[in-house]
Amino acid sequence: MANTLINITLPVVNEIIDDVLAAGQSASYRETFASSDVRDRLATFVLSRLPARYMTISDSEYALEYPRNCYSAEQHRHIRQLVDQGIQKLLARPVTPTPETLFPSTWFG
């Protein structure tokens with residue numbers, strides 16, 4: 001039987017991001033994170049602040065429940081806090097460049 005090495009951090013982070021975004025109150029909040037680019041930035045923010053975890057399982061054992069069970073309730077709270085921090089940082093700065101910043105003539109004054 002072959003074994004598969006899987007990153008268990010990413011699915012857990014994605015699941016928590018989905019939970020937090022689903023609970024978002026405003027429509028503009030949900031619209032901002034509907035973009036896969038912005039959502040990827042959020043996931044990158046969180047993943048860069050967590051140690052990566054991997055698991056080796058046989059191909060016949062693969063199940064989606066494994067990643068979630070590998071983290072304690074305290075670790076889930078910590079990841080949720082990081083998601084909230086990332087959301088606040090992304091909402092605080094412009095996500096898309098304005099047209100005036102796209103022209104090289106404005107880059108150097």
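I started with Arg 53 and found it over the face of Tyr 71, at 4.6 Å from the ring centre. I keep in mind that this is a predicted model.

Next I looked up Arg 49. Its charged end sits over the ring of Phe 45, and I noted 3.6 Å to the ring centre.

Then I turned to the overall layout. I counted 5 helices and 2 strands in the protein chain. Following the sequence, I read the order as β-α-α-α-β-α-α.

Which residues touch the most other members of the largest nonpolar core? I found Ile 17, Phe 33, Leu 42, Val 46, Ile 79, Val 83 and Ile 87, out of 20 residues in that core. Two or more residues come from each of α1 (9–22), α3 (36–47) and α5 (73–92). With 6 residues, α1 gives the most.

Leaving out residues up to four places away in sequence, I saw Ile 17 touch Arg 39, Leu 42, Ala 43 and Val 83.

I also checked how far apart in sequence the contacting residues are. Among contacts between residues at least 6 apart, 81% join residues at least 24 apart.

Last, I noted burial and surface. Of the 109 residues in the protein chain, 28% count as buried. The chain exposes about 7,500 Å², and carbon and sulfur atoms supply 56% of that area.

Terms used. Residues are numbered from 1 along each chain as its sequence is written. This is a predicted model: local features need pLDDT of at least 70, side-chain atom pairs count only at pLDDT 80 or more; totals for chains, interfaces and linings use all residues. Side-chain values use heavy atoms; hydrogens and water are left out. A nonpolar core is a set of buried Ala, Val, Leu, Ile, Met, Phe, Trp, Tyr and Cys residues joined through side-chain atoms within 4.5 Å. Buried means under 20% relative accessible area, exposed over 50%, partly exposed in between (1.4 Å probe, protein chains only). Helices (H or I, at least four residues) and strands (E, at least two) are DSSP runs, numbered from the N terminus. Contact means heavy atoms within 4.5 Å. A charge sits over a ring if NZ of Lys or CZ of Arg is within 6 Å of the ring centre and within 35 degrees of the ring normal. Accessible areas come from the Shrake-Rupley method with a 1.4 Å probe; for residues, only the protein chains shown count as cover.
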